[in-house]
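Subject: Structure handover

Hello,

Here is the structure for you to take over. My notes on it come after the entry.

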Amino acid sequence: MDKIESTAKPVLPFDRIGGREPIQRMVDRFYDLMESEPDFAELRAMHAADLSPMRESLTDFLMAWMGGPRDWFEKRPGACVMSAHRALEGMNYATATQWVLAMQQAAKDTIPSDPDFVDNMVAAFASMSKAMAANAGKGDSH
Ligand code: HEM
């Protein structure tokens, strides 16, 4: 059988979502939900009173994670988002689930035109969050 090779460049998630602005909108909705919904109160309690630095940091992280500009990593040489979550007070399966549900709602609300993209992204967040909860309190080594 002939080998089928595509010459088309794969579309980066960063381009598919439409750049930084839609990511910022999703992240803002995520933290707005976290601040207002009683279902996410435990997750909210883990965070600092002022969420504005997180609105910037998570937006920059997700921009790099989706294949866009890597400012988040350049500002934090050697940073690993998985290890950064290990020592967090309150990290467990319940709070990990709250994170995923809040982000799923935020993504559905702000990217209504692309449900496949939302589903794939949320599935990736769900595995990361599950691993974060599984590794909670296990020290800082890789
Ligand atoms: C398992 C569920 C999760 C919980 C409970 C959680 C919780 C937290 C908390 C409490 C902080 C510190 C906030 C503060 O200083 O006020 C934080 C920081 C952060 N989280 Fe999560 N998180 C989770 C999952 C994720 C996932 C899946 C990602 C990436 C897709 C992520 C990306 C980040 C980033 C980028 C920061 C900021 C780090 C920095 O600025 O240095 N988190 N998280």
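Predicted model: local features only at pLDDT ≥ 70, side-chain atom pairs only at ≥ 80, totals over all residues.

Residues are numbered from 1 along each chain as its sequence is written, and side-chain values use heavy atoms, with hydrogens and water left out.

Overall fold

The protein chain has 8 helices and 0 strands, where helices (H or I, at least four residues) and strands (E, at least two) are DSSP runs numbered from the N terminus. In sequence order the pattern is α-α-α-α-α-α-α-α. The C-alpha trace spans about 55 × 35 × 30 Å along its principal axes. Of the 142 residues in the protein chain, 37% are buried; buried means under 20% relative accessible area, exposed over 50%, and partly exposed in between, with a 1.4 Å probe and protein chains only.

Ligand site

The ligand sits in the largest pocket. A pocket is defined on a 1 Å grid over the protein atoms alone, as an open set of points where a 1.4 Å probe fits, with protein on both sides within 12 Å along at least five of seven lines. A molecule sits in a pocket if more than half of its atoms lie within 2 Å of the grid points.

The ligand is surrounded by 21 residues, and the closest are Ala 48, Ser 57, His 85, Trp 99 and Met 132. A residue is counted as near if one of its heavy atoms lies within 4 Å of the molecule. By type, the shell divides into 16 nonpolar, 4 polar and 1 charged. In that scheme Ala, Val, Leu, Ile, Met, Phe, Trp, Tyr, Cys and Pro are nonpolar, Asp, Glu, Lys and Arg are charged, and the others, Gly among them, are polar.

The helices that each supply at least two shell residues are α3 (41-46), α4 (52-65), α6 (81-86), α7 (93-110) and α8 (115-135). The largest share, 5 residues, comes from α4.

- Ser 57: a polar side-chain atom lies 2.6 Å from a ligand oxygen.
- Ala 48: a backbone N or O atom lies 2.9 Å from a ligand oxygen.
- Arg 76: a polar side-chain atom lies 3.4 Å from a ligand oxygen.

Salt bridges

Side chains of opposite charge can pair when their charged atoms come close. The count here is 10 salt bridges, each being a side-chain nitrogen of Lys or Arg within 4 Å of a carboxyl oxygen of Asp or Glu.

One of them joins Glu 21 and Arg 25, at 3.6 Å from N to O. Both residues lie in helix α2 (residues 20-36), 4 residues apart, which is about one turn of the helix. Glu 21 is exposed at 59% relative accessible area, and Arg 25 is partly exposed at 44%.

Glu 35 takes part in two of the bridges I looked at. Its bridge with Arg 44 has the closest N and O atoms 3.4 Å apart, and its bridge with Arg 55 has an N to O distance of 3.7 Å. The Glu 35 and Arg 55 pair links distant parts of the chain, from helix α2 to helix α4, 20 residues apart. Through shared partners, salt bridges join Asp 28, Asp 32, Glu 35, Arg 44 and Arg 55 into one network.

Single residues

Ser 129 is in helix α8 and is buried, at 5% relative accessibility. From Gln 98 to Arg 55 is 43 residues in sequence and 17 Å in space, C-alpha to C-alpha.

Gly 78 lies in the loop between α5 (71-75) and α6 and is exposed at 79%. Gly 78 and Thr 59 are 19 residues apart in sequence and 18 Å apart in space, C-alpha to C-alpha.

Regards

Conventions
Polar contact = N/O pair within 3.5 Å; in protein donor to acceptor, adjacent residues only side chain to side chain. 1 Å grid on protein atoms, 1.4 Å probe; cavity = no way out; pocket = protein on both sides within 12 Å on 5 of 7 lines; lining within 4 Å.
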